[in-house]
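Visitor: Can we go through the charged pairs in this one? Show me the model before we start.

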Amino acid sequence: MLKPLAENLWHAEFVRLGHGMQTPCRMVVARLPNGDLWLHSPIPIDDALASTLKTLGPVRHIVAPNAFHHLYLAACGQRYPRACLYAAPGLPRRLPSLPFAATLTDQAPQAWHGAFEQCVVQGFPWPWSEVVFFHRATATVIVTDLVLNVHKPKGWVTSLMFGIARGYRGVTLSRFWRRVMMPADRREATRNAAARVLAWDAHRLVMSHGEMTQQHVRTWLRKELHWAF
């Protein structure tokens with residue numbers, strides 16, 4: 001079910017099952033000024049969800065914001081063959097069979113220039129990069145795995161994994177990002193990316209895994225990204 005977040009902004013949730021885990025996942029949908037729909041981190045889209053999306057506008061842009069949120073990308077592209085696929089850095093190497101229109105950078109493509117700002121947070125090795133987005137009209141920061149906020153994980157395996165990742169019971173930066181994927185030789189790039197994110201006048205934080213928040217968003221982000229400085 002598609003649920004409203006703000007004007008021209010929606011989300012849909014899905015629980016992915018696998019390896020004993022029940023992972024909550026979220027897709028974000030934005031309607032651009034020209035009426036086109038922008039999908040972030042697509043989930044499985046059945047006929048009912050597709051029917052709802054059709055009432056909002058044509059799906060024209062499908063974004064894979066990091067190298068791991070791509071499981072349903074091909075199916076989404078097949079359902080919407082007129083849409084363009086956009087990849088986080090590193091993903092085209094991992095999925096060479098998909099016809100990506102572009103690899104995302106710190107500069108928004110012309111298709112959504114002005115509606116979004118974006119920033120690449122580079123990890124190591126290459127698959128760990130993530131593109132963070134800022135929806136300007138609603139002051140919403142959209143992240144994928146960089147920040148988590150899972151309060152009630154389902155099952156002990158899920159609780160264990162999110163506990164290891166330091167990813168539940170509050171807005172938290174994933175331990176994997178901080179301790180494994182941000183080596184010292186990339187600290188300057190990390191610092192620059194964190195500074196860009198913190199400069200956004202954010203009032204809503206939406207993550208792929210966990211509960212969204214409109215409370216103290218900039219405070220949470222400063223708290224979790226301070227280590228980069």
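Visitor: Is Arg-218 buried or exposed, or partly exposed?
Guide: Arg-218 is partly exposed, at 31% relative accessible area. Buried means under 20% relative accessible area, exposed over 50%, and partly exposed in between, with a 1.4 Å probe and protein chains only. This is a predicted model, in which local features need pLDDT of at least 70, side-chain atom pairs count only at pLDDT 80 or more, and totals for chains, interfaces and linings use all residues. Residues are numbered from 1 along each chain as its sequence is written, and side-chain values use heavy atoms, with hydrogens and water left out.

Visitor: What does Arg-218 form a salt bridge with?
Guide: Asp-201, at 3.6 Å from N to O. A salt bridge here is a side-chain nitrogen of Lys or Arg within 4 Å of a carboxyl oxygen of Asp or Glu. Arg-218 is in helix H7 (residues 217–225), and Asp-201 is in the loop between H6 and strand S13 (204–206), 17 residues apart. Helices (H or I, at least four residues) and strands (E, at least two) are DSSP runs, numbered from the N terminus.

Visitor: And how accessible is Asp-201?
Guide: Asp-201 has 43% relative accessibility, so partly exposed.

Visitor: How many salt bridges in the whole structure?
Guide: Five. Among them, Arg-79 pairs with Asp-47, the closest N and O atoms being 3.1 Å apart. Arg-79 lies in helix H2 (residues 73–79) and Asp-47 in helix H1 (residues 47–56), so the pair ties together parts 32 residues apart in sequence.

Visitor: Is Asp-47 buried or exposed?
Guide: Asp-47 is exposed, at 59% relative accessibility. Arg-79 is partly exposed, at 34%.
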